[in-house]
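Trainee: Could you go through this one with me, a helix to begin with and some strands after that?
Mentor: Gladly, let us bring it up and take the parts in turn.

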Amino acid sequence: MPSALRDLYPGLVCDLDGVVYRGADAVPYAVEELSAVASASPGGVVYATNNASRPPEQVAEQLRSLGLSVNGEHVVNSSVAGAQVLAGRLAAGASVLAVGGMGVADALRGAGLSPVSPPEAAASSRSVDAVLQGYGPDVRASDLAEVAYAVQSGAVWVVTNADRTLPTDRGIAPGNGSLVGAVRVAVDVDPEVVGKPGPLMYELAAERLGTDPAHTLGIGDRLETDIAGAHAAGMDALLVFTGVHGVADVVAADPHLRPRYVAGDLRALGEPYDEPAADGPGWRVGDLLGVLESSAQPAVRFRGRESGAELGQDGLRIALRVLWSAVDDGRISTQAAVSATSRWQ
Ligand SMILES: [Mg+2]
């Protein structure tokens, strides 16, 4: 019996929104599958999120309410990772301007640093060694001014994430990247970004797991954050179609954003994953071979199994390899590749 996908990786770094939960509800199969990993793998699972507005213990509480056995140590957010990065570079107790929600100051304290709020910095005109800037709904222009002053005085400027937008139920709001952008335009200095798609949060997660990134699997629902971040840290990645990105996005993805594994949902962790292998002009899983049919309307033609219904996930995984290679060597356009996957969309 071939190994299940989860048995190939002693540790997993898992995104939350769109993978484990959507709003208040658990994503189907996520809790069962992740519980099975946590009890079977030596490293287990660490959850990593760019959303720094809630402290890890609060996120862990939500995960426990869904049925997962986790504590705050199993959750890494971008303010915790940012504070950890600064603690590695600054002396213990160094003062750091904390901009954003409560999570930022908490994370700095937890890392042995001294948070300074923007009003405190303004009142004392005391210089800070660094700035940690995260999102907060109450961040004001005067807070951004303190960031600008600190950066101009030579403070290290670290930001939790560069997400430009924040989807809300009333539309798109400016995210942390937009607020950071306002300062950046003023001071003409680039900050260091901790969250996805950078590698730092994934590296910190691997440290917590005690696993080598090369033997750690990143799981997510977004190509340009989860998959890019896992790859930047040297991890393989699994994209599940339970969140933001679907088949059309994956087939159209740039080569560095293509995940090694794709699956409809997290049940894939408990199953063997047959990776397609190159076979002559096509790609094969077992007896199923897919090749590109280059007519006016490019399509993937399958041989070896009878009906379309039986192609299942193997068919999609083969089709992605066939179409990615055809796009890469210029035989078809990205648009044609997307149309050729319409049966899975
Ligand atoms: Mg997500």
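Trainee: Which residues of helix α2 are buried?
Mentor: Bearing in mind that this is a predicted model, the buried residues of α2, which spans residues 56-66, are Pro56, Val59, Ala60 and Leu63.

Trainee: Why are they on the same side of α2?
Mentor: Around the axis they cover an arc of only 100°, so they fall on the same side of α2. As a general point, an α-helix has 3.6 residues a turn, so residues three or four places apart point the same way.

Trainee: What does that buried side pack against?
Mentor: The buried residues of α2 pack against β5, residues 75-77, and against α3, residues 78-89.

Trainee: And which exposed residues are on the face turned away?
Mentor: That face of α2 carries Glu57, Arg64 and Ser65 as its exposed residues, and just after the helix comes Gly67, with a positive phi of about 115°.

Trainee: Switching to the strands, how do β17 and β18 pair?
Mentor: Strand β17 (residues 282-285) and strand β18 (residues 288-293) pair in the antiparallel sense over three bridges, and they form a hairpin with two residues between them, where Gly286 in the turn has a positive phi of about 55°.

Trainee: What about β18 and β19?
Mentor: Strand β19, residues 299-303, pairs with β18 in the antiparallel sense over five bridges, and the hairpin that joins these two strands runs through five residues.

Trainee: Which residues stand opposite Leu289?
Mentor: Leu289 in β18 stands opposite Arg284, while its bridge partner in β19 is Arg303.

Terms used: Residues numbered from 1 in each chain as written. Predicted model: local features only at pLDDT ≥ 70, side-chain atom pairs only at ≥ 80, totals over all residues. Pairing = 2+ DSSP bridges. Helix = DSSP H or I, 4+ residues; strand = E, 2+ residues; numbered from the N terminus. Buried ≥ 20, exposed ≤ 12 C-beta atoms within 10 Å, placed from the backbone. Arc of directions from axis to C-beta. Contact = placed C-beta atoms within 7 Å.
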